[in-house]
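Work through these exercises with the model open beside you. Try each task before you read its solution.

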Amino acid sequence: MTNPPEKRATPLPYGFAAMLLRWYGREGRDLPWRKTRDPYRIWISEIMLQQTGVGTVIPYYEKFLARFPDLYALADAPLDDVIEKWAGLGYYSRARNLHAAAITIRNRFGGRLPSDLENLMSLPGIGRSSAGAILAIAFNRKAPILDGNVRRILCRIFAVSEEPRSPAAEKKLWQWAGELTPEERPHDYSQAIMDLGATLCTPSNPACDRCPVANCCLAHKLGKTEELPVRSRRKPLPQRREVALVLVRQGRYLVRQRPYRGMLGGLWEFPSLELDQDREPGETAEKLLTRLGVEGILHARGKTRHVYSHFRLESEVFSAEVDSQAGMIHENSQSSWVPVAEVGSLPMHGAHKKVLQLFKIK
């Protein structure tokens with residue numbers, strides 16, 4: 001005699017996918033990557049949308065595809081060109097991963113984006129949720145996604161009391177995401193649930209009165225939509241301080257390119273040095289000037305502040321004009337003397353773009 005099936009602790013909301021799809025047919029957003037079923041273009045959009053809002057992504061998406069219209073154009077391009085077109089979008093490891101993945105797809109998969117979960121997740125920059133989105137949207141295959149929007153929706157639908165990224169919550173959320181994804185129209189469903197989180201089931205002040213699945217939502221019934229998901233306590237960002245030098249020689253600025261590996265890899269910046277805690281900024285600036293092997297009279301030009309994802313950076317900015325014959329600084333693959341008219345067009349990281357603004361350079 002077989003045992004009866006185990007009763008679900010939390011039943012699935014009845015008709016969830018059908019209600020969501022009907023709403024999407026009326027209210028779905030008109031976005032450029034929804035006008036194609038090309039896996040390459042959908043992949044590009046999914047990577048750009050990681051940790052970045054739609055409004056920010058659209059112009060970068062269009063500019064990027066104008067330069068790299070297909071996978072071979074991206075794979076064959078120099079990494080510097082890829083980073084240049086990405087500049088300003090942030091999280092630059094995404095650009096490096098895109099380029100590396102394009103080369104792998106060209107060399108290993110004959111130029112075609114893989115259509116299975118295992119091979120997609122083997123590519124740089126593609127995690128489980130991004131792979132699910134690509135499979136569903138590009139290939140119309142049933143595959144769950146769990147980006148920030150979906151995570152928030154499911155935490156409210158099922159009134160999850162744990163921190164959303166805890167191991168216990170993570171396991172349940174992935175299970176529910178898979179069970180709610182329908183066999184039919186996974187392409188539309190994946191975009192519908194992301195739209196719901198982006199437009200109605202927002203982090204604060206969710207529009208429950210207009211939500212197509214409000215009747216399925218335990219948080220709504222319990223009056224806890226503002227409390228859920230449970231917010232984790234964020235640690236305060238550490239602060240770093242540096243000295244940045246703007247050196248001028250015959251109308252050219254000295255800039256250098258950061259190593260490709262590591263944070264902000266491949267972006268350009270002015271020479272900089274971490275600020276010695278036991279020295280005044282001017283002393284550290286003199287130390288950097290000496291290290292560069294040039295002489296000049298330093299002028300304090302002000303201070304800039306910029307927030308990155310993992311720290312805050314404060315830059316004490318100094319400038320100096322150096323003799324055209326002086327110094328050990330020579331152009332190489334990492335540093336260049338760039339005309340004033342051209343330095344503003346370099347892909348510089350955010351903190352040093354603000355340094356440019358001190359000099360009114362665009």
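**Exercise 1. The second largest pocket**

How do the residues of the lining of the second largest pocket divide into nonpolar, polar and charged?

Solution. Start with the ground rules. This is a predicted model, in which local features need pLDDT of at least 70 and side-chain atom pairs count only at pLDDT 80 or more, while totals for chains, interfaces and linings use all residues. Residues are numbered from 1 along each chain as its sequence is written, and side-chain values use heavy atoms, with hydrogens and water left out.

Next, the terms. On a 1 Å grid over the protein atoms alone, a pocket is an open set of points with protein on both sides within 12 Å along at least five of seven lines; a cavity is a set where a 1.4 Å probe fits but cannot get out; lining residues have an atom within 4 Å of a point. Ala, Val, Leu, Ile, Met, Phe, Trp, Tyr, Cys and Pro count as nonpolar, Asp, Glu, Lys and Arg as charged, and the others, Gly among them, as polar.

Now the count. The lining has six nonpolar, two polar and six charged residues. The pocket holds about 250 Å³ of space; a volume is the space filled by probe spheres set on the grid points, which are joined across faces, edges and corners. Of its 14 lining residues, R240, E242, R258, F311 and L313 are the closest to its centre. Strands β1 (239–249) and β4 (272–274) each supply at least two lining residues. Strands (E, at least two residues) and helices (H or I, at least four) are DSSP runs, numbered from the N terminus.

**Exercise 2. Enclosed spaces**

Find the cavities of 30 Å³ or more and describe their linings.

Solution. The whole structure has two such cavities.

- The largest cavity has about 120 Å³ of space. Its lining has 14 residues, with R156, C201, C208, C211 and C217 nearest the centre. Helix α9 (residues 148–157) gives the largest share, three residues. By class, 11 are nonpolar, two polar and one charged.
- The second largest cavity has a volume of about 40 Å³. P144, I145, V150, L154, A177, T181, Y189 and I193 line this cavity. Both α9 and α11 (186–199) give two or more of these residues. Seven are nonpolar, one is polar and none is charged.

**Exercise 3. Cysteines**

How many disulfides does a search of the whole structure find?

Solution. Apply the cut-off: a disulfide is a pair of cysteine sulfur atoms within 2.5 Å. The search finds zero. Take C211: the nearest cysteine sulfur, that of C201, is 6.2 Å away. For C216, the nearest is that of C211, 8.4 Å away. C216 is buried, at 12% relative accessible area. Buried means under 20%, exposed over 50%, and partly exposed in between (1.4 Å probe, protein chains only).

**Exercise 4. Cores**

Which residues have the most contacts inside the largest nonpolar core?

Solution. A nonpolar core is a set of buried Ala, Val, Leu, Ile, Met, Phe, Trp, Tyr and Cys residues joined through side-chain atoms within 4.5 Å. The largest has 84 residues, and F16, W43 and I44 have the most contacts inside it. I44 touches Y61, F64, L65, L74 and L98, not counting residues up to four places away in sequence. A second, separate core of 16 residues includes L288, L289, L298 and F318.

**Exercise 5. Near the end of the chain numbering**

Is K360 buried or exposed?

Solution. K360 is exposed, at 73% relative accessibility. K360 lies in the segment after α15 (350–358).

How values were computed
Contact means heavy atoms within 4.5 Å.
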